[in-house]
There are 2 protein chains.
Amino acid sequence: MRVAIAGSGAMGCRFGYMMSEAGHEVVLLDRWQEHIDAINANGLRIDWEGEDRVAHLPIMRPEEATGDFDLVICFTKALGLDPMLKAMQSVLKEHTMVLCLLNGIGHEETVSKYVPASNFLLGTTIWTAGLNGPGHAHLYGSGTVALQNTDGTDEGVAAAKRIAEVMDAAGLNTEFSANVKHAIYRKAALNGVVNGLCALLDCNLQSFGDTVAAAEVAPVIVSEFAMVAALEGIEMDQEEVNAYIRSIYSPEAIGEHYPSLHQDLIQQHRLTEIDFLNGAVARKAKAAGLRAPYCELVTYLVHAKEQLLGAK
Amino acid sequence: MRVAIAGSGAMGCRFGYMMSEAGHEVVLLDRWQEHIDAINANGLRIDWEGEDRVAHLPIMRPEEATGDFDLVICFTKALGLDPMLKAMQSVLKEHTMVLCLLNGIGHEETVSKYVPASNFLLGTTIWTAGLNGPGHAHLYGSGTVALQNTDGTDEGVAAAKRIAEVMDAAGLNTEFSANVKHAIYRKAALNGVVNGLCALLDCNLQSFGDTVAAAEVAPVIVSEFAMVAALEGIEMDQEEVNAYIRSIYSPEAIGEHYPSLHQDLIQQHRLTEIDFLNGAVARKAKAAGLRAPYCELVTYLVHAKEQLLGAK
């Protein structure tokens with residue numbers, strides 16, 4: 001298979017390296033020039049469970065990609081997916097499958113601008129990876145991938161299973177699962193509660209958990225996620241999700257943690273992924289003639305805060 | 001008439017003094033001990049348009065009031081109204097009229113716990129007043145009062161007109177107006193847009209006016225105020241109110257100003273009046289089987305921020 005890694009940070013390097021080791025032709029795509037230069041000069045250096053390795057994988061900016069690909073594995077940030085796919089549009093062919101392993105929801109809206117729904121695969125992974133610096137990955141431990149087609153057809157299921165088999169054979173412990181969308185919605189609902197609100201209230205998870213917002217606002221946001229999930233045939237157990245969210249507030253869990261959106265917006269004044277959490281729910285509800293007002297308002301307020309902080 | 005001033009800060013001192021000068025028996029009620037002590041020791045000192053005056057008015061804590069009153073003029077903060085009326089409950093008789101000149105909406109819920117709806121008058125005023133310190137008011141310039149009954153009866157109108165005549169005869173330029181509730185809702189809608197949101201976003205009016213929140217959130221909040229106003233027979237012109245709100249953002253207007261709720265919450269870590277702005281709209285909507293979700297969420301987030309800041 002000819003495989004493009006769209007977004008070749010730490011996780012992209014892991015997946016690209018493992019697919020390449022399994023005999024596939026892998027091209028890394030990224031926009032980080034020091035990373036590109038380092039890999040072009042010295043190959044991709046890897047600390048593999050304490051063992052130094054070097055992989056000679058081609059890396060380039062997405063607009064420089066040529067030919068066509070059987071599989072594109074997307075590891076961009078949510079905001080980077082659209083510009084990435086746009087830049088590599090000429091190499092997305094009729095048979096190119098696009099697998100998104102990003103957090104958040106609503107990426108099918110982005111991907112559908114470039115490939116048909118039958119080519120879109122959604123996945124989750126618990127693999128990890130890190131970068132020591134440009135061109136130098138450290139890859140420790142194990143993980144799994146679950147992926148699913150989203151077009152609702154038997155052909156789609158068959159295509160997804162084929163991709164899962166190929167990735168599994170490369171050691172990526174990948175399986176087809178009909179529950180991927182459910183898992184993605186469940187995680188997105190958690191993030192849809194804590195990310196925007198901890199940023200707007202400027203607090204960590206434990207402090208948030210002690211407020212009236214955790215008690216009164218969180219269940220309404222979960223109900224809005226459940227409403228749009230139901231439109232896509234996914235049944236969310238709201239009680240279970242609410243209990244899951246409450247479980248993270250304690251200092252024994254991750255209560256001292258500031259969610260990533262707080263880090264992006266409040267600490268680093270960066271544009272956020274709110275449009276792929278609460279914003280996606282608001283859009284999906286509106287498109288169906290419904291309303292998700294709490295998600296709407298949280299999205300507007302986060303965007304307002306981005307404007308006030310001059311986020312980029 | 002026997003008149004109690006419930007909340008005898010600067011404005012209470014003005015109204016109490018002018019009613020007393022017109023021959024009414026006035027009792028000042030307050031909880032600020034230095035203020036009470038100063039007035040008991042030296043009388044109420046007044047700088048009246050540059051002329052020093054002294055008024056010997058009785059002042060006490062509300063639980064110390066005795067006898068009964070024909071009129072109670074309320075000048076507490078919104079959060080202080082309930083404890084004030086509760087403390088003076090024994091002197092609120094069948095014939096005691098209660099006039100509220102507080103900002104915000106929903107005070108009828110509070111007053112109705114202590115007197116029947118037929119005794120409740122709602123008013124607005126543009127009189128001003130200041131305090132130089134405990135027991136020392138400065139009273140400059142002129143103003144007006146408009147007041148209205150809220151019980152919808154002809155007897156209520158007649159009673160309101162009687163009170164207006166008495167206050168007008170005391171020089172308070174007071175008239176009965178059937179538009180008081182409309183004026184109160186219009187001002188509350190403005191405050192319902194800018195107070196909570198400028199506090200949550202930590203910005204002044206001009207900066208707020210440049211955000212997506214001013215463009216997208218403000219009209220929804222105004223529509224929620226209009227919805228509950230309509231339940232009370234008040235028709236708000238939403239276009240006009242939105243234009244009115246937009247007009248205050250410019251630096252030539254009051255754009256550099258931080259709304260009072262920002263001052264209370266963010267600058268001074270005090271409990272806010274949100275329950276008498278957005279919170280009142282959310283409650284009134286819910287009581288009518290409707291929803292005002294933006295007002296609901298703003299109220300919860302402001303209360304959450306109060307908790308996080310340890311506001312008192």
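**Domain interface**

Analyst: This is a predicted model. The side chains of A:Glu109 and A:Arg283 form a salt bridge, with 2.9 Å from N to O.

User: How many salt bridges does the rule find across the interface of domain 1 and domain 2 of chain A?

Analyst: The rule asks for a side-chain nitrogen of Lys or Arg within 4 Å of a carboxyl oxygen of Asp or Glu. A:Glu109 and A:Arg283 meet at 2.9 Å. Across the interface of domain 1 and domain 2 of chain A, the number of salt bridges found is two.

User: Which element gives the largest share of the side of domain 1 of chain A that touches domain 2 of chain A?

Analyst: Two elements of chain A give two or more residues to that side of domain 1: α4 (107–111) and β8 (120–125). The largest share is four residues, and it comes from α4(A).

User: How many nonpolar, polar and charged residues does that side of domain 1 of chain A have?

Analyst: In chain A, domain 1 has 16 residues in contact with 17 residues of domain 2. By class, the domain 1 side has four nonpolar, nine polar and three charged residues.

User: What area do domain 1 and domain 2 of chain A bury between them, and what percentage of it is on carbon and sulfur atoms?

Analyst: The assignment for chain A places domain 1 at 2–178 and domain 2 at 181–309. Their centres, taken over C-alpha atoms, are 27 Å apart. Between them the two domains bury about 1,400 Å², and the part on carbon and sulfur atoms is 60%.

How values were computed:
Residues numbered from 1 in each chain as written. Chains lettered and ligands numbered in written order. Predicted model: local features only at pLDDT ≥ 70, side-chain atom pairs only at ≥ 80, totals over all residues. Heavy atoms only, no water. Domains from an automatic or database assignment. Contact = heavy atoms within 4.5 Å. Buried area = accessible area lost by both parts, 1.4 Å probe. Nonpolar A, V, L, I, M, F, W, Y, C, P; charged D, E, K, R; others polar.
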